[in-house]
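Reader: I have a chain open here and want to talk it through. Can we go over it piece by piece?

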Amino acid sequence: MLVLFANGSTCSYCGKSISGRYTTLNNKHYHNTCYENHIQLSCDYCDDKITGTYTETEGKNYHPACYRDHIQERCAQCGQLISGLYNIKDDKQYHEACFINYILPKCDICSLPIQDQYIEDFWGNMYHEKHTDALPDCDNCSRLICDSLTGGGYSINGKRYVCSVCEPTVVSDQSQIARSLRGVKTLLKKVGIQDLPRGIPITMVTDKDELIRLSGNRLGKIRGYTQYEAETIGEKTISEAYHIYILSDLHETVFDAVLAHELLHVYQIQNGYKLKSDVREGFCNLGSQLVYDHDGSDLARLQLRTMYESDDPDYGKGFRNMSSRLDQLGWEGILNNLPSFK
Ligand SMILES: [Zn+2]
Ligand SMILES: [Zn+2]
Ligand SMILES: [Zn+2]
Ligand SMILES: [Zn+2]
Ligand SMILES: [Zn+2]
Ligand SMILES: [Zn+2]
């Protein structure tokens, strides 16, 4: 921009001749007033005229200082100016490094920022997806077993794992079994299931494969099995024996739920019911539901959720059918109508 004195020029804005002081921009001449009112840029931030250099961005013009202080992006983490690439989260901008180090969530297992795929478990832990392949999960609470999440854990025959959070409450001896049996029988009695046979032996099995063999290779995620043997002469039963097998190292809440399930098998056998597998297992899982509802802990909620989400035709779908029948009929209605359920 120049300010000159000359004669004989024409104003490029109004087309009239210029005499006296005038302004030149890009080889064009203007009356000073034409230039100031129509050609000269104003700052889109402060509205004042711009003389000298200016900054143009997204079709707007600014005094360099106005741009730097008011328009240019600043990092919402460190407050410094951002030029070049940046990250956006919740309408805020961040330097890439600030974003990675301060804004991205940190993995609860390895403490590194989580850039892409992550898992959030039932307990609120967030971690990289890759850890799920590398670490065993707890047979009771499903937490990944490691120092940071569980403080370690132990393995059973190298096949099953229990975390150190669950370890203090796992059922491991006969006195715990007896206590569990009393509690579960009390719960069942309240809903009308009583006079179950006394003195049924309950044996813990450490190996899941062994339990599956005992059950006659039943499919599904079984954690218990009820064996029944009867000697009959003609129509008459002359001796009968029940034996309940339950997986070892179960959290006491899970143990109670499995025991309730097995006792409802006993109930069905005792009454001579021969039901379809989805009704049979669905009914037994109502016993587990009873235990978990009564317990009310987070672990109980997790187990219930797993039962409700299971796609197993008997333990999942069969259970959901029986559970909605229970909502309609109540326990008395369930017990009265059980043999007729299809
Ligand atoms: Zn003019
Ligand atoms: Zn300005
Ligand atoms: Zn920053
Ligand atoms: Zn990680
Ligand atoms: Zn656990
Ligand atoms: Zn069962």
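This is a predicted model: local features need pLDDT of at least 70, side-chain atom pairs count only at pLDDT 80 or more; totals for chains, interfaces and linings use all residues.

Reader: OK, the core next. Which residues of the largest nonpolar core touch the most other members?

Author: Ile246 and Ala260, in a core of 46 residues.

Reader: Which elements each supply at least two residues of this core?

Author: The helices are helix 6, helix 8, helix 9, helix 10 (298–309) and helix 11 (313–337). The strands are strand 11 (160–163), strand 12 and strand 14 (236–247). Helix 8 gives the largest share, nine residues. Domain 1 and domain 2 each contribute at least three residues to this core.

Reader: What does Ala260 touch, not counting residues up to four places away in sequence?

Author: Val184, Leu187, Leu188, Gly287, Ser288, Leu290 and Val291. There is also a second, separate core of six residues, and Ile18, Tyr22, Cys34 and Tyr35 are among them.

Reader: Back to helix 8. At what angle does helix 8 cross helix 9?

Author: At roughly 145°, with the axes of helix 8 (residues 252–270) and helix 9 (residues 277–295) coming within 8 Å. The crossing is right-handed.

Reader: Which residues of helix 8 and helix 9 make the contact?

Author: From helix 8, they are Thr253, Asp256, Ala257, Ala260, His261, Leu263, Leu264, His265 and Gln268. From helix 9, they are Arg280, Phe283, Cys284, Asn285, Gly287, Ser288, Leu290, Val291, Tyr292 and Asp295. By class, the contact has nine nonpolar, seven polar and three charged residues.

Reader: Change of topic: backbone angles. What is the phi of glutamate 58?

Author: It is positive, about 45°, although glutamate 58 is not a glycine. Glutamate 58 sits in the loop between strand 4 (55–57) and strand 5 (60–62).

Reader: Is glutamate 58 buried or exposed?

Author: Exposed, because 6 other C-beta atoms lie within 10 Å of glutamate 58, and a residue counts as exposed at 12 or fewer.

Reader: And what about the phi of aspartate 195?

Author: Also not a glycine, aspartate 195 has a positive phi of about 55°. Its place is the loop between helix 6 (174–190) and strand 12 (202–205). Aspartate 195 counts as exposed, because it has 8 C-beta neighbours inside 10 Å.

Reader: Now cysteine 75. Buried or exposed?

Author: Cysteine 75 counts as buried, because it has 20 C-beta neighbours inside 10 Å, and the cut-off is 20 or more. Cysteine 75 lies in the loop between helix 2 (64–71) and strand 6 (87–89).

Reader: What is cysteine 75 in contact with, leaving aside neighbours within four places in sequence?

Author: Gln80, Ile82, Gln93, Tyr94, His95 and Cys98.

Reader: And how far is cysteine 75 from lysine 208?

Author: 55 Å in space, C-alpha to C-alpha, and 133 residues in sequence.

Reader: Last one: where is serine 17?

Author: In strand 2 (residues 17–25). Serine 17 is exposed, with 11 other C-beta atoms within 10 Å. From serine 17 to histidine 31 it is 14 residues in sequence and 8.6 Å in space, C-alpha to C-alpha.

Definitions and conventions:
Residues are numbered from 1 along each chain as its sequence is written. Chains are lettered from A and ligands numbered from 1 in the order in which they are written. Axes are lines fitted to C-alpha atoms, for helices over the stretch in contact, and angles run from 0 to 180 degrees between N-to-C directions. Helices (H or I, at least four residues) and strands (E, at least two) are DSSP runs, numbered from the N terminus. A crossing is left-handed if the near helix is turned anticlockwise from the far one by less than a right angle, and right-handed if clockwise. Two residues are in contact if their C-beta atoms, placed from the backbone, lie within 7 Å. Ala, Val, Leu, Ile, Met, Phe, Trp, Tyr, Cys and Pro count as nonpolar, Asp, Glu, Lys and Arg as charged, and the others, Gly among them, as polar. A nonpolar core is a set of buried Ala, Val, Leu, Ile, Met, Phe, Trp, Tyr and Cys residues joined through C-beta atoms within 7 Å. Domain bounds come from an automatic or database domain assignment.
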